[in-house]
Amino acid sequence: PPGAQTRSMNPIDIVIMAAGKGTRMKSRIPKVLQRLAGRPLLQHVLGQASALGARSAIVVTGHGAIEVEAACASGISARGQFDLKFVRQEPQLGTGHAVQQAAPLLQGDGTVVVLSGDVPLTQPDTVRALVDACADEALALLTVRLPQPKGYGRIVRGADGAVCGIVEEKDATDAQRAITEVYSGILAVPARLLLQWLPRLSNQNAQGEYYLTEVVAMAVAQGVPVTTHTIDDAVQVAGVNSPAQLAELERAHQSRAAAALMEQGVRLLDPARFDLRDDARSGARAELVCAQDVEIDVGCIFTGQVELGEGARIGAYCCIANASIAAGAVIHPFTHIDGEAAGVQVGEGALVGPFARLRPGAQLGRGVHIGNFVEVKNSQLADGAKANHLAYLGDATVGERVNYGAGSITANYDGANKHRTVIEADVHIGSNCVLVAPVTIGAGATVGGGSTISKDVPAASLGVARGRQTNITGWRRPAKKTAP
């Protein structure tokens, strides 16, 4: 569970390397702020720090530092889950150099976990297991077996199987490049040891950079145990360096979310065309809670907190954010529901869409019908009310069994303030009406089609407000002039 501590007796301090420019992204946005499942990559990594119950997280910034630091401060760590700190790496001279910048902020009593800001999908259980392998005394490396390990540092083991070093690919021999166990870039180590080793890093290598991986040889020379936690799941250690890699990880992440839902019994007509995203505006984490026998068609996007009741059906290409949809409701294709902070509630057995839009504060009762090209905002519709096509209901209270005609709107805004329209039970609103708020239509009343209503209509009355029709007998249409 989030915030759970591992078996480590030491406090955990996270160092996150987030200084890189990400040239291959070809974007003005810093690489670690590129979004995966609606959330910046770096926020995914900060989530791992939260799940570990970390004492602190030190983010090493460089390219776009001001923007990166601001994004962190407004995210998960700003809610007091751990102490968030920043250091700058300018210029960027390698992974070892990055961690050297964090060294002055590290306390000697902790266990340090080094993560990468562009590696978003490492599972909390994996990092916990790595900290447990460290056990306050060893250098623990997260390794992964890759059939094609190109680009990664290789794990070099001795005849007894013990780790004796890591060699970067550019410095490796042909035999070393054939090794399939690679270093993920993630490690856990007691701070007291790391602080001894960091000043001794050198840049005598093909890149002229300070590699953090040199600490492995230092640990071996000092007799410090070097252990590994090895996984086979390459997605957990995959970094993002290009739009193609970002898209690949997005699909991997969404595939796992889809698989988890299907294990619960949710029917996804095509799990490859399903998206669950955080709400970037409010910071709400993605959570889709489904009761039994929920069916979701292709191309749907769920954002923030969404709840689907038993037997609810979601049609193709719907976008649903921060909403509760009750049992038996049907959301027809191409419907857009966005509750933002206020939320949207769809009642039991309601029918919505296609091409409908429900905005914040929309509350639909049981059996409500919202048809094609109908928009509802900050309005409550009681059981059985219907607005079947081409209509707008904003800041309205609508009673039971109301029939709201095509093309009708509530004129709720006077240019400065919003006003409310009240439509009581069993009212019939004809087509192409304008209800100028504030106004009340009494129970059982009827509003004639084409009316602009600016005064209350009493119960059981007919309200009509339109010009009288005039018919001109024998009138002829103008004829088109012909060229001479």
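This is a predicted model: local features need pLDDT of at least 70, side-chain atom pairs count only at pLDDT 80 or more; totals for chains, interfaces and linings use all residues.
Student: What makes His44 count as buried?

Tutor: Buried means under 20% relative accessible area, exposed over 50%, and partly exposed in between (1.4 Å probe, protein chains only). His44 has 7%, so it is buried. This residue is in helix α1. Leaving out residues up to four places away in sequence, His44 touches Leu36, Arg39 and Pro120, where contact means heavy atoms within 4.5 Å.

Student: Which residues of α4 are buried?

Tutor: In α4 (residues 124-134) they are Thr126, Val127, Arg128, Leu130, Val131 and Cys134. They pack against several elements, including α1 (41-51) and β6 (111-116).

Student: How do you know that Phe334 is partly exposed?

Tutor: Its relative accessibility is 42%, so Phe334 falls in the middle class. Phe334 is found in the loop between β19 (330-331) and β20 (336-338).

Student: How many aromatic pairs are there, and what makes two rings a pair?

Tutor: Rings of Phe, Tyr and Trp (its six-membered ring) pair if their centres lie within 6.5 Å; planes under 30 degrees apart count as stacked, over 60 as edge-to-face, and the rest as tilted. By this rule there are four pairs.

Student: Why is the pair of Tyr317 and Phe334 called stacked?

Tutor: The ring centres are 5.6 Å apart and the planes are at 20 degrees, so the pair of Tyr317 and Phe334 is stacked. Tyr317 lies in the loop between β17 (313-314) and β18 (319-325) and Phe334 in the one between β19 and β20, so the pair ties together parts 17 residues apart in sequence.

Student: What makes Phe334 and Phe355 a stacked pair?

Tutor: Their centres are 5.1 Å apart and their planes are at 5 degrees, so this pair is stacked. Phe355 lies in the loop between β22 (351-352) and β23 (357-358), so the pair with Phe334 ties together parts 21 residues apart in sequence.

Student: Which residues form the aromatic cluster?

Tutor: Tyr317, Phe334, Phe355 and Phe373 form one cluster.

Technical notes
Residues are numbered from 1 along each chain as its sequence is written. Side-chain values use heavy atoms; hydrogens and water are left out. Helices (H or I, at least four residues) and strands (E, at least two) are DSSP runs, numbered from the N terminus.
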